[in-house]
Amino acid sequence: MLACDKLTTRSRVAPMTHARTLASSVASRSLSSLARVLVQRPSAGALRAAARTKMSEPGSESQERDQLESTFKQKKILRTQVRRALRSMDPLQRSQEDETIQSLVLDAPWFKSSQSLCAYISCSALREVDTSKILSQILQNSAKDGHIQMKKKLYVPRVEDKNSHMRMLNISSVNDMIANSMDILEPAALDADGNEREDVMQADDPVDLFLLPGLAFDGSGRRLGRGGGYYDTFLRNYQELAHARNWKKPLLVALSYSPQILEKGVIPVTPDDIPVDALVSPSGVIPISPAALDRMKI
């Protein structure tokens, strides 16, 4: 089985202004209140400016440390608020949103045209958008109109330690995955023949798409993770690799339930936070970056 429970499979672009607010009223009020509380958060630009001048201005290193500490506290508060909103979601609503989001991805031309991608294995205990139907379709050869579709190359995450070290390993079957110490499915380090699985960082060819999880997102591409730094660290390393090899940057697409999409500017960021290129929510596909606007145009 994929995901923490079991395997479960029209692409349209919707503007943020027409996104449906499906979160509970309690969650909406709490998140709106939080937005007012976080008005004084430091911007990513301000934090980068502090980093550039820390050697030339007296006390700037201490100021930057204080700013980062404040940002981390704000993130912690926001994570608590979003987790509460996710817990309040009706199970039927969650199931319907899972189905809608996965169908949007599977029907999207930018997904169909991808040849190699990295995707997360969803875990219902973490209240992540389900990816089981997406992964199932990738892992099976399908025939349509008498033509065999090209099988995509899939890499999924394997957490190696508690120091934000995560790898993306190639799998070709559901049976390639095992439960880790937290009962989350991930690829076994070795394949059935005892050989090491291919690591995307050692692959000869680039991936063109990442399907990403997260706790919260906004229309400017900000992403709030769960605090471990695994995805930001990995994405930074892969982007450096792509740059060194003169590869085209992969499209970073996050999957999001309705309560996870917040107003622009509410999510505090640091210079190490990697923004996403696009969101897929029950309301539709929301391209954000120029790359996404180009690849997702209809």
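Strand E9 (residues 216-218) and strand E12 run parallel and are joined by two bridges; strands here are DSSP runs of at least two residues and helices runs of at least four, numbered from the N terminus, and two strands count as paired if DSSP finds at least two bridges between them. The model is a predicted one, in which local features need pLDDT of at least 70 and side-chain atom pairs count only at pLDDT 80 or more, while totals for chains, interfaces and linings use all residues. Residues are numbered from 1 along each chain as its sequence is written, and side-chain values use heavy atoms, with hydrogens and water left out.

Strands of a sheet pair through backbone hydrogen bonds, in either the parallel or the antiparallel sense.

Strand E13 (residues 278-281) pairs with E11 and with E14. Three bridges link E13 to strand E11 (residues 251-255), and the two run parallel; Val253 has Ala278 in E13 as its bridge partner. With strand E14 (residues 284-287), E13 pairs in the antiparallel sense over four bridges, and Leu279 stands opposite Ile286. E13 and E14 form a hairpin with two residues between them. From E13, Ala278 and Val280 point one way and Leu279 and Ser281 the other, and all are buried, that is, under 20% relative accessible area with a 1.4 Å probe on protein chains only.

Beyond neighbours within four places in sequence, Trp110 is in contact (heavy atoms within 4.5 Å) with residues including Val253 and Val280.

The lining of the largest pocket comprises 40 residues, of which Arg226, Gly228, Gly229, Tyr230 and Tyr231 lie nearest its centre. A pocket is an open set of points on a 1 Å grid over the protein atoms alone where a 1.4 Å probe fits, with protein on both sides within 12 Å along at least five of seven lines; lining residues have an atom within 4 Å of a point. Elements that each supply at least two lining residues include helix H3 (60-87) and helix H7 (230-244).

How values were computed:
Buried < 20%, exposed > 50% of the residue type's maximum accessible area, 1.4 Å probe, protein only.
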